[in-house]
Every structure is written in structure tokens, then in C-alpha cells.
Amino acid sequence: MVNLAGIHTTSAAITHAIYDLCEHPKYVDELRGEIEEVLRQDGGWQKGTHKKLHKLDSFLKESQRFSPPTLLSFNRIALTPLTLSTGVHIPAGTHFSVASRNILFDPEVTPDPDTFDGLRYYRARQASSADGHKHDFASADGTNMNFGAGRYACPGRFFASMELKLLLAHLLSKYDFRFPHGTTARPSNLVIDEFLGPNPWARILVRKRHSGVGMVES
């Protein structure tokens with residue numbers, strides 16, 4: 001269970017992000033520019049550097065919106081009969097969940113939801129600086145339940161956010177990647193029941209860059 005929750009989901013998320021960058025290469029230079037500027041300001045990687053990568057955070061969140069680890073969230077079994085505030089009655093023993101991906105594609109929650117906008121949450125953060133943290137990749141509430149919600153939200157989501165930003169920042173700084181044959185068509189995700197994963201048979205071309213900054217110098 002720990003392997004599934006902590007390793008598999010992180011591997012899938014970084015793969016989805018790379019596929020999305022290959023499909024939307026216009027974001028590459030902007031994300032690299034932010035990475036280079038933040039590292040210049042901090043004099044390299046420091047403990048809190050990843051928290052300043054707001055554009056990268058936004059891109060990862062939008063990537064997760066399109067390709068979450070599961071289409072459902074908040075899976076529960078009612079141990080006793082429940083009656084919701086709406087009047088809906090849930091008998092004891094009922095297995096229920098929330099269609100979390102559908103919420104994120106509701107136009108009342110996400111404007112123009114069918115368009116991939118890698119800076120969607122960056123702009124939302126800029127427009128509401130007082131509560132900008134609500135637009136973080138690791139945020140969890142009733143409109144974004146990829147990490148659950150409330151007191152039972154995933155406790156490792158902040159570590160996952162840091163890990164993903166470090167990985168993607170290093171890859172962007174050190175390598176160029178694209179789909180073969182000049183295509184930008186993203187491979188379809190693999191869906192098994194409610195679980196969603198990146199296409200494991202897809203190929204990308206990777207080339208080491210001659211300039212840039214990264215986690216380590218080689």
C-alpha cells in the first residue's frame with residue numbers, strides 16, 4: 001500500500017507531466033526561466049526553494065487535473081446509516097465515493113475546463129495573493145479532491161509536491177524531450193476501472209542540454 005500510494009503515484013505524475021510538456025512545448029521556456037531565476041536568487045537549491053516555483057507548481061496541478069491517479073476520491077463505507085443535509089439517505093454497508101475528476105471539469109469550478117492551461121493556477125494565485133496557497137498543487141478541498149479532503153487528506157502530499165518539483169526542475173534544466181516524428185499528440189492514458197495511469201508503451205526522445213542549471217553538475 002505504501003509503495004502504491006508513495007512511489008507509483010509519483011512516478012505516474014512525473015510521466016504525465018513530461019507527456020504534457022511534449023504536447024504543450026510552449027511552456028518549456030517559461031518554466032525554465034522561472035527555475036533559473038529562482039535558483040539565481042537563492043544561490044542554488046535551498047530548503048525552501050521549491051516553494052517559490054509557482055509556475056512549475058501550477059503546471060503540475062493542471063497536469064494532475066487532466067490525469068489524476070484516480071477518477072474517484074474519498075472512498076468510504078458507511079458503518080452506520082447516514083442522512084446527508086440534502087436528504088439523501090445512505091444505508092449502512094454502502095460503499096460510496098466522489099467523482100473528483102468530474103468536479104475539476106465543472107465549468108463552475110474551472111473556467112474553460114477542456115483547455116489545458118499550464119499557468120491557470122499561477123494566475124489564480126497572483127489574483128488572490130492573500131489566500132494564494134489554496135491554488136497550490138498540494139491543496140485539498142471540496143473542489144480538488146485528488147489528495148482527499150478534510151482531516152483525512154493525504155499527509156504526504158507536501159512531500160510529493162516537493163519531490164515532483166525537484167524532479168521536473170532537474171529534468172527541464174538538464175534535458176530536452178519531445179515525442180518522436182515531430183508529433184505533439186499525447187498518448188492516451190491507460191484506464192483500469194477508476195484508476196488512471198500514463199501510457200507505458202509511449203516513447204519520447206531525450207537529449208542532454210549544453211546549458212542550464214540543475215540539481216547536480218555533471
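A: Ala, Val, Leu, Ile, Met, Phe, Trp, Tyr, Cys and Pro count as nonpolar, Asp, Glu, Lys and Arg as charged, and the others, Gly among them, as polar. By these classes, the lining of the second largest pocket has three nonpolar, six polar and seven charged residues. The model is predicted, with local features needing pLDDT of at least 70 and side-chain atom pairs pLDDT 80 or more, while totals for chains, interfaces and linings use all residues. Numbering runs from 1 along each chain as its sequence is written, and side-chain values use heavy atoms, without hydrogens and water.

Q: What makes H2 and H6 roughly perpendicular?
A: The axes (lines fitted to C-alpha atoms over the stretch in contact, with angles from 0 to 180 degrees between N-to-C directions) of helix H2 (residues 28–42) and H6 come within 10 Å and cross at roughly 110°. Roughly perpendicular covers 65 to 115 degrees, so H2 and H6 are given that name.

Q: Which residues of H2 and H6 meet?
A: With contact meaning heavy atoms within 4.5 Å, Val28, Leu31, Arg32 and Ile35 in H2 meet Ala169, Leu172 and Ser173 in H6. This contact has five nonpolar, one polar and one charged residues.

Note on methods
Helix = DSSP H or I, 4+ residues; strand = E, 2+ residues; numbered from the N terminus. Parallel < 35°, antiparallel > 145°, perpendicular 65-115°, else oblique.
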